[in-house]
Amino acid sequence: MNNARPVTIVMVEDDEGHARLIEKNIRRAGVANEIVAFTNGTDALNYLLGGDGSGLVNKGRQLLVLLDLNLPDMTGIDILEKVKGNEHTRRSPVVVLTTTDDQREIQRCYDLGANVYITKPVDYDGFANAIKQLGLFFSVMQIPETE
Amino acid sequence: MPITSKTFVRSTALLLLVGLLALLAIVGTNVWLVERSQGYFNEISEGRRARVAAISLRSLLQDMETSQRGYIITQDENYLGPYNDSEPQVEEQLEALEAILAPFPTVTDSVVQLREDVLFKLNEMARTVEMVREGNGTGAVERIRTDAGKEAMDRIRSFLSALLSGIDQRLAEGDQNQRDTLTMMRWVSIIGGIVILLVVAGAMWAVLSYTQELARARREVEDANANLEARVKERTADLGKANEEIQRFAYIVTHDLRAPLVNIMGFTAELETSVDDVKTFMERQEVGEDDPVAAQARTAATTDLPEAISFIRAATRKMDGLINAILKISREGRRRLNPEPVDLAELAEATAASVHHQVSESQGEIVTDIRVGKLVTDKMSIEQILGNMLDNAIKYQEPSRSLRIAIRARHVPGNRVVIEIEDNGRGIADADHERVFELFRRSGTQSKPGEGIGLAHVRTMVRSLGGDVTLTSKLGQGTTFIINLPRDARSYLGSFGA
C-alpha cells in the first residue's frame, strides 16, 4: 500500500470494541493507513457511494472494505451487493470479517464478489492473531484505484 | 336400536335355545307319533289277520256243513269233495285264530268254547258221514235232528260274527287314529317350522344389525385413527420446529454473548500490556518512604492490577469455554445428518486404534465384539460418540488397576442395535446416573480438566439419530454405557422431516 495515493481502509463494524481491537491489531502489523470506521450500514454506504449513490465521490481513490455482516440497520451482504454492483467501486477489495461460519452465507458472499471471507475466531488470542495476519496481508496487497 | 355385544350374545343365545327347543319338540313328537302309528299299524294288520282267519274258519265250516248235507241227501261221494278238502284246514285256521286272540284275556273263555264247538261240530259231521257210508242215512239225519250240531254251529257263527264286527270296529278306529296321528304330525311340523323360521329370522336380524353396528364402530375407529395420525404428524412437526427454534436460539445467544466477551478478553489483553508497561516503569522508579500515594500506586501497578487481570482472564476464559461448548452442541444440532452404510466393526477398531497409545500406557486393552453388520446412520456422529466414550473411559480410569474396555454390539428386536461400552474405571455414583448427561454437570472427584459437555453432546447426537443412551454403573467398579440405535436412521430422520 505504498502507492502515491494512500489506501483508505473502510471498516464497517457495529461493535465499537471490536472495531477498536481490529484497528489496534492491524496497526500492530505495521499498517499505518487511514482507517475510517462506521458502526452502521447507512453511514458506510453514504461514504462509499456518496449521497447520490453513484460512487463518483470516490473516483481515483484506493479503498479496502472490511465488512461485518451483522449490522443494526442492514446486513453486510446488502453493502457487499451495492459495492460490487457499482461500476466505480466494484474493483475495491472487500474483506468480510464476521462471526458466522455458515457455508451458505460464505458461498453467497463469494458469489456476490467478496474477495476474502474470514470468520472471527472464537477466542480472543486467535482473533488478535487473525487480525494481525490480515494486517500483514494488507501491507503487501495491491489495491486498484476506483474509476 | 344399537345392539351392544352383550345383548347380542344374550339374544342370539336365547334365539338359538328357542330354535333348539322347537326342533327337539318336532323331533320328539314325530318320534312319538311314528311310534304310535306303528302301534296302530301293527294292530290293524293283526286285526286283518284275525279277520282273515275268522272268515276262513267260518267259510271252511260252512263248506263242510254244506258238503256233509249234500252227501247225506244224495249219498253221492262227489258231494264230499269240499268236505274232504276243508277238513284238514280247519285245525290250522283255528290255531291261527287262537294264536291271534291269545293276548286278549277277555275272549279266552269264548275261544275255549269255540274250540269245543268246532271239535264237536267236526266230530258230529264225521259221525254222520261215517253213518251214511255204512248205509245208515236215517241215523245220520236223526243225529242232525238232535240240533246239537246246529247249536254248536250257531254259537260258532255268532261268535265269529261278533268277532268280525269287533275287528271291523277296531279297524275303523285304527284308521281314524292313524288319520288323527297324521294330522297331528302335520300340525306339529307346521308350528315347529314356523317357530324355527321365526328364530332364524330373529337371529338373522340380530346378526345383521350387530354387523352393521360393528361396521359403524370400525369406521369410527378408522376415522379416529386417521385423525390421530394427522395429529401426531402435526405434533411431530411442531416439535421439530420447536427443537429447531431452541437450537437457533442457542446459536444466536452464544453468538451474541461471544461478541462482548471478545471485547472483554481483547481489552483485558490490552490492559495487561498497558499494566505491564506501567509495572516495568513503577519498578524502576524510586519511591520515597514518606510518599504513601506513590507507594500505593506502586503496589497497585505491581501486585493488585496484575492479580485482578489474571482473575478477569481466568473468568472470561471459563465463560468462553462454556459458550463454545453450547455453540458446539447447537452447531451439532444444526448439522445436516448424512445417513450412509457404516461398518460398525471397522469404526470401533479405528476408534480403539486412535487411543491405543493412551491405553497401552497403563497396560490396558480394548476388546471389540461387534455382532452387527452395516448400519445406515451418520458416520461422523457415531465416530464422535465412540470417541467420546473411549476418551471418558481413559480419563476416568481407576489408577490402581489396568484399564479394560469392551465395545460390544448386537441386534435387538424392533430393527435396532445396542452398542455397549464397558469399562472398569472409577464408576459413577447412583445419584449421578442421569446428571452426567446434563450440560456442564460432572460426577465424582473433579480431578480432571473438563467442561461437562462430552456426555451431553453424546446424548444430543444419539437422540438426533433416533436412539437413546443410558448407563449402568457401580461406584469403584466400572461403568457400562448402553446406546440403542435404529439400524436404519433414515426412517427416523425421514419421519422428523430432517
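This is a predicted model: local features need pLDDT of at least 70, side-chain atom pairs count only at pLDDT 80 or more; totals for chains, interfaces and linings use all residues.
Residues are numbered from 1 along each chain as its sequence is written, and chains are lettered from A and ligands numbered from 1 in the order in which they are written.

Chain B contains an open sheet of 5 strands in the order β2-β4-β5-β7-β6, with mixed pairing; strands are DSSP runs (E, at least two residues) and helices likewise (H or I, at least four), numbered from the N terminus, and two strands pair if DSSP finds at least two bridges between them. At the edges lie β2 (365-370) and β6 (468-474) of chain B, each pairing on one side only. From one strand to the next, the twist averages 15°. Strands β5 (416-423) and β7 (478-486) of chain B run antiparallel and are joined by 8 bridges; B:Glu420 has B:Ile482 in β7(B) as its bridge partner. Helix α9 (379-395) of chain B packs on the sheet and touches β4, β5 and β7 of chain B, its direction making about 20° with that of β5(B). Axes are lines fitted to C-alpha atoms, for helices over the stretch in contact, with angles from 0 to 180 degrees between N-to-C directions.

The contact between the chains takes 12 residues from chain B and 11 residues from chain A, two residues being in contact if their C-beta atoms, placed from the backbone, lie within 7 Å. On the side of chain B that touches chain A, α5(B) gives the most, with 10 residues.
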